[in-house]
Amino acid sequence: MEKVPSQMTVIAISKPGGPEVLLPEKRSVPAPGPSEILIKVEAAGVNRPDVAQRSGSYPPPPGASDLPGLEVAGEVVALGQGTRKHKLGDRVMSLVAGGGYAQYCIAQDAQAIAVPSSLTMLEAGATPETLMTVWHNVFERGQLQGGETLLIHGGSSGIGTMAIQLAKAFGSKVIVTVGSKDKADACLKLGADHAINYRSEDFVAAAKKMTSGTGPNVILDMVGGDYVERNYEAAATDGRIVQIALLGGPKATVNLARLMVKRLHHTGSTLRPRSNADKAAMVSAIEAKVMPLVREGRIKPVMDSTFPLEKAADAHRRMESGEHIGKIVLTL
């Protein structure tokens, strides 16, 4: 094992603003506390919450690093007290509460997952955040079952492309909404049964037609805004709508009678503020139920593009362009 240096390069948010506020700086390498590990980062995933944090609308939770970055992959180079799961030299991928845009990053021992040989380290850096978001929201909260239909808004996103693969692996039908033919083709190639271009079609009518009039059983929504009312209209009786982001705005006008008549469930969650115990429980479920599929090569992140750490601003520009299909990753 090489010696861990005292200083590292990180990408910090100099002030709230556009991509240009992401600037490299030198910081001390953090030391892992109890139940923590230190990862020498090889790849760090870029996610929508990073963009929100950079623009000033998504502050890190108390005690978390002020640096952006919610998922990393790399080598374990230091152990805190009481770590049992991983050892020095292990190759791991992990969700983190912040601090991913750096050469070294602290993770919870219980939240790190061994990187299987089926994934490159770049792919591993693009996996934990989407895998945990999709697993928890679609399967734990949304209770998607084999034979049911899942409607995914933003099917070509990192979350969307992971949700398509997982839902298909567990025997469900998948409908996605996308904004272009390229994105539709990418989703169909991944296994989606139908793709709706929301720019040219009404997704409510299309989703009902594709389900012989009954509507999808589970809807994964990252839009919010006026999609909420339309989701209620599209959903099947006893349908579950799971809210994971609000790109279309946090307020909606809805007809609650539809919620009652159809017996709908509308739930939602954010991952970052959840307790370490909650996240560790999600990781355990994923290790039992999903990692075998990852090891077999049946599930892997769709990679859009990679940028060196110093070019984090360009990675954010790529994400905000909305043109990406799959995951954007920083490389070290």
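Select N197 to begin, and you will find that, leaving aside residues up to four places away in sequence, N197 touches V178, G179, S180 and K181. Please keep in mind throughout that this is a predicted model. N197 belongs to strand 10, which covers residues 194-197.

Next, select V176, which together with L220 has the most contacts inside the largest nonpolar core, a set of 45 residues. Showing the surroundings of V176, again without residues up to four places away in sequence, brings up L151, I152, G155, I164, C187, A192, H194, A195 and I196 as the residues that V176 touches. For the second core, which is separate and has 23 residues, select V76, C105, A112 and A315, which are among its members.

Now colour helix 6 (residues 203-210) and helix 7 (residues 227-234), which pack with their axes 9 Å apart and at an angle of about 25 degrees. Because angles under 35 degrees count as roughly parallel, helix 6 and helix 7 are described as roughly parallel to each other. Their crossing is right-handed.

To see the side of each helix that takes part, display F203, V204 and K208 from helix 6, which meet Y227, R230, N231, E233 and A234 from helix 7.

Notes. Residues are numbered from 1 along each chain as its sequence is written. This is a predicted model: local features need pLDDT of at least 70, side-chain atom pairs count only at pLDDT 80 or more; totals for chains, interfaces and linings use all residues. Side-chain values use heavy atoms; hydrogens and water are left out. A nonpolar core is a set of buried Ala, Val, Leu, Ile, Met, Phe, Trp, Tyr and Cys residues joined through side-chain atoms within 4.5 Å. Buried means under 20% relative accessible area, exposed over 50%, partly exposed in between (1.4 Å probe, protein chains only). Contact means heavy atoms within 4.5 Å. Axes are lines fitted to C-alpha atoms, for helices over the stretch in contact, and angles run from 0 to 180 degrees between N-to-C directions. Helices (H or I, at least four residues) and strands (E, at least two) are DSSP runs, numbered from the N terminus. Angles under 35 degrees count as roughly parallel, over 145 as roughly antiparallel, 65 to 115 as roughly perpendicular and the rest as oblique. A crossing is left-handed if the near helix is turned anticlockwise from the far one by less than a right angle, and right-handed if clockwise.
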